[in-house]
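I opened the model and went looking for aromatic pairs first. My notes follow in the order of the look-ups.

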Amino acid sequence: MSATRLLVLGVVRRLSQAHGYLVGAELESWEAGQWAGLRSGSIYHALRQLAKDGLLDATEVHEWPGRVDYVINDKGEAEFLRLLRTALSVPDRRPEMFDAAIALLPALPKEEAITLLKERLRAMEDERARIEAVMRESPRPGHLTELFDLRAKQASGDAAWTQGLIVRLERGAEPA
């Protein structure tokens, strides 16, 4: 799964209709280049590929030679929601996937977002417990012990943050 794919679908969906420069400007305002590694070339490539895959409808704008406007279609909407739900509920070692999902969180009803985040929380707690069990069961050289300890603490910190977000959403915060 690609954060670029999720983000580009999400921005086109959010804007209703957009061309590459507009998608890029929106993602730049989110500083997505920093946390998702997006470049303008990857945005234009993603738009063309998503249209080729039948997820976006493309229309040439005759008043502006070379400009193509994109609109998400039903197939693209289904793919966007699938990607978003997976990125929210399934922990991934690539943080940009979850970052993209958080940026697009308002696309889901709050109750569904909470349910997906609870799935993620359970998976992170299971991962932390698994890592700690591996550390207890078999001795490792010091540098590997440090690596496993880091991974366990990262899972624990991510779980604590996710639990806090769930609480904020349950108390009425809007995922805006």
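**Aromatic rings**

I searched the whole structure of this predicted model and found 1 aromatic pair. My criterion: rings of Phe, Tyr and Trp (its six-membered ring) pair if their centres lie within 6.5 Å; planes under 30 degrees apart count as stacked, over 60 as edge-to-face and the rest as tilted. The rings of Phe98 and Trp161 have centres 6.0 Å apart and planes at 90°, so I logged the pair as edge-to-face. The pair links distant parts of the chain, with Phe98 in helix α6 (residues 95-103) and Trp161 in helix α8 (residues 142-170), 63 residues apart. I take helices (H or I, at least four residues) and strands (E, at least two) as DSSP runs, numbered from the N terminus.

Next I checked accessibility. Buried means under 20% relative accessible area, exposed over 50%, partly exposed in between (1.4 Å probe, protein chains only). Phe98 is buried at 13%. Trp161 is partly exposed at 40%.

I then looked for charges over rings (NZ of Lys or CZ of Arg within 6 Å of the ring centre and within 35 degrees of the ring normal). Arg120 lies over the face of Phe98, 3.6 Å from the ring centre. Arg151 lies over the face of Phe148, at 5.9 Å from the ring centre.

**Ground rules**

I note that residues are numbered from 1 along each chain as its sequence is written, and that side-chain values use heavy atoms, with hydrogens and water left out. As this is a predicted model, local features need pLDDT of at least 70 and side-chain atom pairs count only at pLDDT 80 or more, while totals for chains, interfaces and linings use all residues.

**Whole chain**

I listed 8 helices and 3 strands in the protein chain. From the N terminus on, I read the elements as α-β-α-α-α-β-β-α-α-α-α. The C-alpha atoms fill a box of roughly 65 × 40 × 25 Å, taken along the principal axes. Of the 176 residues, 39% are buried. For contacts I used heavy atoms within 4.5 Å. Among contacts with a separation of 6 or more, 62% come from residues 24 or more positions apart.

**Sheet**

In what order do the 3 strands form the sheet? I read β1-β3-β2, an open sheet with antiparallel pairing. At the edges stand β1 (18-19) and β2 (56-60), each with a single partner strand, so one side of each is left without a neighbour in the sheet. Two strands pair if DSSP finds at least two bridges between them. I found 2 bridges joining β1 to strand β3 (residues 68-72). In β3, Asp69 stands opposite His19. β2 and β3 pair over 5 bridges. Here I picked out Glu60, whose bridge partner in β3 is Val68.

**Nonpolar core**

I define a nonpolar core as a set of buried Ala, Val, Leu, Ile, Met, Phe, Trp, Tyr and Cys residues joined through side-chain atoms within 4.5 Å. The largest one has 45 residues, and Leu6, Val8, Val23, Leu27 and Leu88 touch the most other members. Helix α1 (residues 3-15) gives the most to this core, with 7 residues. I followed Leu27 further. Not counting residues up to four places away in sequence, Leu27 touches Leu7, Val8, Val11, Ala32, Leu38 and Ile43.

**Helix α2**

I moved to Tyr21, in helix α2 (residues 20-29). Buried or exposed, at 62% relative accessibility? Tyr21 counts as exposed. Tyr21 and Ile43 are 22 residues apart in sequence, and I get 8.9 Å between their C-alpha atoms. Glu26 is also found in helix α2. Glu26 counts as buried at 18% relative accessibility. I see Glu26 touching Val11, Arg14 and Leu15, not counting residues up to four places away in sequence.

**Lys110**

My last stop was Lys110, in helix α7 (residues 110-137). At 17% relative accessibility, Lys110 counts as buried. Which side chain makes a polar contact with the side chain of Lys110? I found Glu174, at 3.1 Å. A polar contact is a pair of N or O atoms within 3.5 Å; within protein, one must be able to donate a hydrogen and the other to accept it, and residues adjacent in sequence count only if both atoms are side-chain atoms. Leaving aside neighbours within four places in sequence, Lys110 is in contact with Leu169, Gly172, Ala173, Glu174 and Pro175.
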